[in-house]
Amino acid sequence: MKLLMISGLTTIALFLAATSIPRAHPPSVSRTSVAEMPTVQEMQKVAQQSKLPVEDFEDRSLVFPRETQR
C-alpha cells in the first residue's frame with residue numbers, strides 16, 4: 001500500500017511540474033522585420049553569383065569502368 005501511495009504522489013508531482021512549466025512562444029513578426037527581408041529576386045541574384053564550379057569526383061558506390069575522356 002505504501003508503494004502505491006508513493007508512486008501516486010510521484011505521478012501527481014510530475015504532472016504538476018510538467019504543466020506548470022511555461023512554454024516559449026515564437027516572437028511575433030513585426031512589420032519592420034518583414035520590410036528588412038530581401039526579396040526573392042535579390043536572393044536569387046546572390047545565389048547565382050555564389051555558384052560553385054562543377055567538379056568531377058570519383059563515386060565508388062558503383063564500380064563500373066569509366067569511359068575514356070577525349
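1. Phe15 is found in helix α1, where helices are DSSP runs of H or I with at least four residues, numbered from the N terminus. Phe15 is exposed, with a relative accessible area of 55%; exposed means over 50%, buried under 20%, and partly exposed in between (1.4 Å probe, protein chains only).

2. The structure is a predicted model, in which local features need pLDDT of at least 70, side-chain atom pairs count only at pLDDT 80 or more, and totals for chains, interfaces and linings use all residues. Residues are numbered from 1 along each chain as its sequence is written, and side-chain values use heavy atoms, with hydrogens and water left out.

3. The pLDDT, which is the predictor's confidence in each residue from 0 to 100, has a mean of 76 over the protein chain, and 64% of the residues reach 70 or more. Confidence is highest in helix α1 (residues 2–20), at a mean of 92, and lowest in helix α2 (residues 31–35), at 55.

4. The protein chain has three helices and zero strands (a strand being a DSSP run of E with at least two residues). Along the sequence the pattern is α-α-α.

5. Helix α1 has 19 residues and reaches 27 Å from its first C-alpha to its last, close to the expected 27 Å; the expected span is 1.5 Å times one less than the number of residues.

6. How many of the 19 residues of α1 are buried? The number is zero, so α1 lies largely in the open. In the protein chain of 70 residues, buried residues make up 0%.
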